[in-house]
Amino acid sequence: MISSKHNQDTNFTQSVKTLSRQIFGKSYEKASMLDNAITYFTEQSIKESEPEKPTRNSDNSLRFRLLEQEERHAQLESLCRDILLLCEGETFAEDNRKSSQLLATIQLLSPSEGNKVSLSNELNKPLYKTVLCLRLLDRLCMDNAIKETYIKDRLAGLPPEKYKSFSTLDPEGYERFVDEVKIPLIKAALLQDIGNNHPEAQLILKGADGTANPFRMLDAPDRKKLLQIDYRETIKYLIEGVGVAKYIGKLKAERDAFDQAEKRKLLFIKMLLKESISPKKGIGNLLKVPQIYTSMILSTKHNYNYALLPKVYQVLDKNAERGVCHHLVVDALRKITGIFPLGYGVTYIADNVHDEKQLSYEYAIVKHLYPDDPESPVCRTATRNLGFISFGQDIIINKDHNLHFTETAKQLSKISKERLNEILALLSSNYNERKELDLIPRCWFANEYFSIKAHQKLWNK
């Protein structure tokens, strides 16, 4: 049974919490990316309802607005760099290890049940989706599936099979790729749907008196109207609220080249946002597919069901069949994540010393991207002999050992109810509250386990 005492987090866990709050948190300081966007939308809405009359102070007002725009741009740029530092390293393998750690940490910090699920998932979705977009970009480049000229030009003729070594083969070219492709992609992912925070959108989401549940299912007319407001205000915020970086220097030729590059990046972000609405087979899938995936894994809907998260690709496959997104990109993401999301609590039948299946089960946590088989996740064990451990081993849990699958769960049907109750008592910290749960659990909620500092080191060798 896990101790209920919560310890201080590891530095990495704290960094993830801080970054999520800096992106989409709401605070009295109003210092997050979301806070700044809400302030902008509110001020713009007031100005539109009360047109500003020209005065002697108009020039000062313009300068102040430009200064605010520069500050928002600088903040967004800084967040993009922080995300890259947290989820990328010196090699392709390190990129995937750090991204696995970040995605799993978000999942493990997110409540699996209760009334805080929606708010927590809303906070963490932008960062989670952004990391998926970066890893999907890598995969599509390696698969030679990128047709968009803007990206292909910045790959500078690099063969797909050498993409993993881009940063060492061509350091300058890679830096340009980061600056002109990865950073704009991160911005597009973070700003996607920021327009939902405009007062017009909030009126639909929260109602005239502000008491409606913003996470409820909307009827078709409201949803259509919300999508229109969201896109319109997101693009407006991108261009007028954030804008482009300002050149610092005195060389005209250098300034002209800088300004042109900034304009191209802005147009690329705008294109990603526009095409993600109905991407078909285009580059908009780079945002759309991670968006759908994240909306399932970190759902804000009232019917959120942790046990059903591995069915996310059933939803994505149906969307691809309907033409909502491209099946090639869905398959690429499945290759990256497998069907079990990072940080998911897997229950499995362990083998004994004679490689024979035991008549009991153990707990593990999905810990790494790129499983060899999408249905066989790479996990770190969390229990051994029905007791929780701080330093488990890495294992691949095959389908015939994973209790998520019905046929595997049936293998434990010969165990007596009394014995299953004993096992559940050993592995549940709040057993009395879980008497109604299945005696053969298809998954487990790993949040409480992860809340202990010693258990947050899943990626240590």
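Visitor: Which residue of E6 stands opposite Val-378?

Guide: In this predicted model, Val-378 stands opposite Ile-396 in E6. Cys-379 has Ile-395 of E6 opposite.

Visitor: What makes E3 and E6 a pair of strands?

Guide: Two strands pair if DSSP finds at least two bridges between them. Between E3 and E6 (residues 394-396) there are 3 bridges, so the two count as paired. They run antiparallel.

Visitor: And how do you know that E2 pairs with E3?

Guide: By that rule again: 3 bridges join E2 (residues 362-366) to E3, and at least two are needed. These strands also run antiparallel, and Val-366 has Cys-379 as its bridge partner in E3.

Visitor: What joins E1 to E2?

Guide: There are 4 bridges between E1 and E2, which run antiparallel. Gly-345, for one, has Ile-365 of E2 as its bridge partner.

Visitor: What is the order of the strands in the sheet, and why are E1 and E6 called its edges?

Guide: The order is E1-E2-E3-E6, an open sheet of 4 strands with antiparallel pairing. E1 and E6 each have a single partner strand, so one side of each lacks a neighbour in the sheet. From one strand to the next, the twist averages 45°.

Visitor: Which way do the residues of E3 point, and are they buried or exposed?

Guide: From E3 (residues 378-381), Val-378 and Arg-380 point one way, while Cys-379 and Thr-381 point the other way. All of them are buried, that is, under 20% relative accessible area. Strand E1 (residues 345-348) has Gly-345 and Thr-347 pointing one way, with Val-346 and Tyr-348 pointing the other way. These residues of E1 are all buried.

Visitor: Which residues make the contact of H4 with H5?

Guide: On the H4 side they include Phe-92, Leu-102, Leu-103 and Ile-106. On the H5 side, Leu-127, Tyr-128, Val-131 and Arg-135 are among them. By class, the contact has 10 nonpolar, 4 polar and 3 charged residues.

Visitor: How do you know that H9 and H10 are roughly antiparallel?

Guide: H9 (residues 199-206) and H10 (residues 220-242) pack at an angle of about 155°. The cut-off is over 145 degrees, so H9 and H10 are roughly antiparallel to each other. Their axes lie 9 Å apart, and H9 passes H10 in a left-handed crossing.

Visitor: What makes up the contact of H9 with H10?

Guide: H9 supplies Glu-200, Ala-201, Ile-204 and Leu-205. From H10 come Asp-222, Lys-225, Leu-226, Ile-229 and Arg-232. The contact divides into 5 nonpolar, no polar and 4 charged residues.

Visitor: One more stop: why is Asp-153 called partly exposed?

Guide: Its relative accessible area is 45%. Buried means under 20% and exposed over 50%, so at 45% Asp-153 is partly exposed. Asp-153 is found in helix H6 (residues 149-155).

Visitor: How many residues along the chain lie between the positions of Asp-153 and Gly-282, and what separates their C-alpha atoms?

Guide: Asp-153 and Gly-282 are 129 residues apart along the chain, and their C-alpha atoms are separated by 16 Å.

Conventions
Residues are numbered from 1 along each chain as its sequence is written. This is a predicted model: local features need pLDDT of at least 70, side-chain atom pairs count only at pLDDT 80 or more; totals for chains, interfaces and linings use all residues. Side-chain values use heavy atoms; hydrogens and water are left out. Buried means under 20% relative accessible area, exposed over 50%, partly exposed in between (1.4 Å probe, protein chains only). Axes are lines fitted to C-alpha atoms, for helices over the stretch in contact, and angles run from 0 to 180 degrees between N-to-C directions. Angles under 35 degrees count as roughly parallel, over 145 as roughly antiparallel, 65 to 115 as roughly perpendicular and the rest as oblique. A crossing is left-handed if the near helix is turned anticlockwise from the far one by less than a right angle, and right-handed if clockwise. Contact means heavy atoms within 4.5 Å. Ala, Val, Leu, Ile, Met, Phe, Trp, Tyr, Cys and Pro count as nonpolar, Asp, Glu, Lys and Arg as charged, and the others, Gly among them, as polar.
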